[in-house]
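Thanks for coming, everyone. Let me put the structure up, and then we will walk through it.

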Amino acid sequence: MRLKDKVAVITGGAMGMGKGTAEVFAKEGAKVILIDFSKDLIKTQEELKENDFLVETFQVDVRDKEKLKEIYQNIFDKYGHLDILVNAAGIGTQASFFNADGKILSDMMDINFGGIWNSCQAAIPFMLKNNYGKVINFASVTGVMVVDPSMTAYAASKGAIMALTKALAVEFAPKNITVNAILPGMINTPMTQKSSKEANPSDPQKILDGLAKTVPMGRLGTAEEAGKVALFLATEDSSYVTGSAIVFDGGSTLPESPGSGWQPEDE
Ligand SMILES: NC(=O)c1ccc[n+]([C@@H]2O[C@H](COP(=O)([O-])OP(=O)(O)OC[C@H]3O[C@@H](n4cnc5c(N)ncnc54)[C@H](O)[C@@H]3O)[C@@H](O)[C@H]2O)c1
């Protein structure tokens, strides 16, 4: 019960890595508050409650800063503390550079980056009241370490998250608030399943299998594994870690010569 009595807010908690984090945190005794704009939020809450986990949900868009402020105020009034904020809400549209203008770019920046900005502005004042806080931002290896074609807007939003993470970390370090990022590689979540379906509507599994082959560990990561990385950043095990990024990718960013055919000789 490493998070016993801690209050943890998780955006994007209806599915994917936000949900995986919620499950791990709830098992460790946290009171979990999920924020998401998806209708699936109710189903997720029911699933978690079946295991007697303490879960509250709010169906909200992370672009709505005023609503987030209201919710975080209510949480603080109810529990007297807001200890952990996990920002996992995000979208992952692909578009070539000249097609990525307008709505694609503004959604990407307003949700992926702006959502984290809003959520931090709404939550950190309550962390300051208790001189304690753990902020965990889901960025990506994309844009921070590597990038594929047609990912300009997504990569830019993720680079901005990493910059914000470092800037917040230095600003709030004297107040005992740590701010860190997780950089996932290829994780098997609804986001990845949706992109695979768009890429190959008749056989999305073929895309997922192809992605897995590019990962040195030979498989995609899971939402639960993401939750375990977040758990490290949420506990005192990471008390001296701030402004950092944990790469969570099964080694996918490591190969030096992918596609070159270079192989060491077998013994
Ligand atoms: N899946 C991957 O391989 C991968 C890799 C690198 C980074 N990431 C990042 O990790 C985070 C989580 O990804 P995931 O794969 O679990 O995604 P997902 O699509 O499976 O889940 C994301 C959740 O965010 C919610 N959400 C989206 N926009 C929202 C908004 N405006 N307001 C409130 N909720 C909103 C969705 O409803 C959903 O429940 C995202 O930021 C994503 O970019 C994912």
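**A walk through the model**

Let's start with a charge and a ring: Lys-6 lies over the face of Tyr-132, at 4.5 Å from the ring centre. A charge sits over a ring here if NZ of Lys or CZ of Arg is within 6 Å of the ring centre and within 35 degrees of the ring normal.

Some ground rules. This is a predicted model, where local features need pLDDT of at least 70, side-chain atom pairs count only at pLDDT 80 or more, and totals for chains, interfaces and linings use all residues. Residues are numbered from 1 along each chain as its sequence is written, and side-chain values use heavy atoms, with hydrogens and water left out.

Next, the overall division. There is domain 1 (7-185 + 222-248) and there is domain 2 (188-220); these bounds come from an automatic or database domain assignment. Taken over C-alpha atoms, their centres are 24 Å apart. Nine residues from domain 1 and six residues from domain 2 make the contact, where contact means heavy atoms within 4.5 Å. About 540 Å² is buried between domain 1 and domain 2, and carbon and sulfur atoms give 60% of that. Buried area is the accessible area (1.4 Å probe) that two parts lose on being put together, summed over both.

Now to Thr-21. It sits in helix H1 (residues 16-27). Helices (H or I, at least four residues) and strands (E, at least two) are DSSP runs, numbered from the N terminus. Is Thr-21 buried or exposed? Thr-21 counts as buried, because its relative accessibility is 0%. The cut-offs: buried is under 20% relative accessible area, exposed is over 50%, and partly exposed is in between (1.4 Å probe, protein chains only). Leaving out residues up to four places away in sequence, Thr-21 touches Ile-10, Val-86, Phe-138, Ala-223, Ala-226, Gly-227 and Ala-230. Thr-21 and Glu-225 are 204 residues apart along the chain, yet 8.4 Å separates their C-alpha atoms.

On to Ser-140. Look in the loop between strand E5 (133-138) and helix H5 (152-172). Ser-140 has 4% relative accessibility, so it counts as buried. Its side chain reaches the backbone nitrogen of Thr-142 at 2.9 Å. Beyond four places in sequence, Ser-140 touches Tyr-154, Lys-158, Ile-182, Leu-183 and Pro-184.

Which rings pair up? Rings of Phe, Tyr and Trp (its six-membered ring) pair if their centres lie within 6.5 Å; planes under 30 degrees apart count as stacked, over 60 as edge-to-face and the rest as tilted. That rule gives three aromatic pairs. One of them is Phe-97 with Phe-98, tilted, at 5.1 Å centre to centre and 55° between the planes. Both Phe-97 and Phe-98 are exposed. Another tilted pair is Phe-113 with Trp-117, at 5.9 Å centre to centre and 50° between the planes. Phe-113 and Trp-117 both lie in helix H4 (residues 103-129), four residues apart, about one turn of the helix. Trp-117 is partly exposed, because its relative accessible area is 38%.

Last, two backbone angles. Most residues other than glycine have a negative phi. Asp-5, in the segment before strand E1 (7-11), has a positive phi near 70°. Asp-5 is at 43% relative accessibility, so it counts as partly exposed. Asn-176 also has a positive phi, near 65°. Its place is the loop between H5 and strand E6 (177-184).

Technical notes
A polar contact is a pair of N or O atoms within 3.5 Å; within protein, one must be able to donate a hydrogen and the other to accept it, and residues adjacent in sequence count only if both atoms are side-chain atoms.
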